[in-house]
Amino acid sequence: MNAPRDWLAEEHLSVLVVGAADGALAPLERLVSRLGHRVVACTPADAEARYIECAPDLLLIDSGRTLSGALHTSLRLRALPGERWVPALYVVGREQEPAIAQALEAQADDYLTQPISVVVLRAKLRAAARALSLQRQNLRQQAALERYYHNAEEEQRVASHLMRRLIQTDMLSDPAVEHRISSASHLSGDLIAFARTPGNSLHVLLADSTGHGLAASLGVMPLVQPFYAMTEKGFGLSAIAQEMSRKVCDWLPLGRFVAATLVSVDQREGVVCVWNGGNPPIVMLAEDGREIHRFESRHVPLGIGPLDDQAAAPERLALRPNAQLLAFSDGVSEAESPEGMAFGIERLVSIAAAAPRGARMQALTAALDEHLGGGSAHDDLALLLIDCGAAAVEDRAEPATRGGCGCGLKRWRFRVELTPDELRITDVVARLTGTMERMGVPEAHRTNLFVVLSELFNNALDHGLLRLDSKLKGNARGMDRFLELRTRRLRALNAGSILIDFDLDCGVSDRVRIEVSDSGDGFDWRALAANDENAAFGRGILLVRRLCSSLEYSDRGNQAVAVYGLH
Amino acid sequence: MQSQVRTNDGIARIMLRGRFDFGSHRDFKTSYEAPLSAADIRELEIDMGGVEYLDSSALGMLLILKERAGATNKRVAITNCRGAVKQVLDIANFSKLFPIR
């Protein structure tokens, strides 16, 4: 936009001179015209018509013998529609001066006395021009501001609709998760998302983007798609964190980043994984409220730099029976009371700890509302309570899920041998399941096949190659030890391999044969298989048996063959 | 937020006071423009001694400064962090990005 030209200050005003035809009208017209202004002269009777016609910048009203006539004229003109302010200059006789104060209060903006001094008239017109110039500029700015405001409103409306659809907060539901989210403005820079993997692990994402409002809200968008898509395919936290990091680095400008926490709760394996980059700690509470562990932020937020394998590795901990995980954005811990006191992490934890297990979220939100004292928070708030209780979820994988084959392929088979370098790649099973998907395995069977393949694969890796003892998994401390050993041995693994043979027959026998064998010494599969469902380990094999029409181990236990029916 | 800059022996010490948040963009930028373009400055020291509060927008501004300083071979250090300021920098793991003294 060009700078507004200050044309009024250049003294070319359009002036409407109103007066009686037999009075000072003609001399006034000549005088103003000589000063370089455009003049239209008329009698009070024509004033309205002329006013509309020439849209003057200024009125010059000769009051004649009485002020009341002039007042009447300006009243009528000002009643005409229009937003512009048109100053009125009265020309009065000396004898009217005592009454002018009243006129100035009512309608007149300034006055001149007869006989008119050219110098004073010129000065007054200039002053009026300056005031007009300011006023016009004001109007322009106000109009611009209004346009801007309406545009912003509309943009906010569309953006918040889009964000709601994208994040689908209203559709978020999982029996294991309670959450509360509220934003400091229309749009929240905090994001909560959760979903289940094909293996029924719960994945939770808590993200907090720099600032708040539209820009912050846009900042969390790059996280949404990788989180859902990769969880659905069964990828683990490291791969998801790395993909989210890439997206945020690609999309967001310098100085904008996203603090993110990823949680996975795998009840079947009894493991909690947390990756925390830049959020307050996630606190694990025991059934009685005792604090078991804090998953502190160990990384910089997403969007500051690339995330290598080491930085993407989550912290793992064994699941304690009926434990809960408490997660929150810094908006909660830093929420200020009307007196300016922060809520504080310790207070949050102690309130949750003091409440009975089933009423912790309620206690926290009540305490937070009381702390805010009816005021609103400066920042977006996100609060989450994740229930790791065994009773919270049912396995999604069920032998009853049958959708027929219908993949169009008659028969195909693939074999893949994985050596230590490939085994260290995270999410081997998710990648293989992705291959199955592309080969056309019907959707109804994908979850089950993922579960079967991952159970057999994990057994082959943990017991066959890494020689880990399942008995360690008997209690939480042992489980922590198991996880630690697993990480260390996998890193050090330099020999051995796992062979996967996947054979699909569609149309004739309608079944998939999955063979997983490893180069290790085998393991005591009989002992594992004899376990009941309540044992801390061995549930994997039971689950595979339930899903498949048959499961057989070779004598040594380093080769498993499962047959899954596609009926 | 208010700022004051003192230069000594190639180090520009930028002392900040008050709330360092999204409203401080212009103040912060103004405070480092001169030292950033001075050839004899090797390090910009952001002194947080007088800062009561730091938010994520402030962290973003620090990252922008780091990037700009890097382009002219200058270092950025953060000093005198206490209380809430230290907590925010710790949670964001900024010690992996800046020397914090």
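The model is predicted.

Chain A comprises 567 residues, of which 42% are buried. Its secondary structure consists of 18 helices and 20 strands. Contacts in chain A were also examined by sequence separation. Among those between residues at least 6 apart in sequence, 70% link residues at least 24 apart.

Two packed helices are described by the angle between their axes and the distance between the axes. In chain A, helix α14 spans residues 428–439 and helix α15 spans residues 443–465. The two pack at an angle of about 145°. Their axes lie 10 Å apart. The crossing of α14(A) and α15(A) is right-handed. On the α14(A) side, the contact is formed by Val428(A), Val429(A), Leu432(A), Thr433(A), Met436(A) and Glu437(A). On the α15(A) side, Arg446(A), Leu449(A), Phe450(A), Leu453(A), Ser454(A) and Phe457(A) take part. By class, the residues of this contact are eight nonpolar, two polar and two charged. Glu437(A) of α14(A) and Arg446(A) of α15(A) both belong to the contact, and both count as charged.

The contact between the chains draws 16 residues from chain A and 13 residues from chain B. On the chain B side, helix α2 (residues 56–71) supplies the largest share, with seven residues. The chain B side that touches chain A divides into seven nonpolar, four polar and two charged residues.

Terms used:
Residues are numbered from 1 along each chain as its sequence is written. Chains are lettered from A and ligands numbered from 1 in the order in which they are written. This is a predicted model: local features need pLDDT of at least 70, side-chain atom pairs count only at pLDDT 80 or more; totals for chains, interfaces and linings use all residues. Axes are lines fitted to C-alpha atoms, for helices over the stretch in contact, and angles run from 0 to 180 degrees between N-to-C directions. Helices (H or I, at least four residues) and strands (E, at least two) are DSSP runs, numbered from the N terminus. A crossing is left-handed if the near helix is turned anticlockwise from the far one by less than a right angle, and right-handed if clockwise. Two residues are in contact if their C-beta atoms, placed from the backbone, lie within 7 Å. A residue is buried if 20 or more other C-beta atoms lie within 10 Å of its own, exposed if 12 or fewer, and partly exposed in between; C-beta atoms are placed from the backbone.
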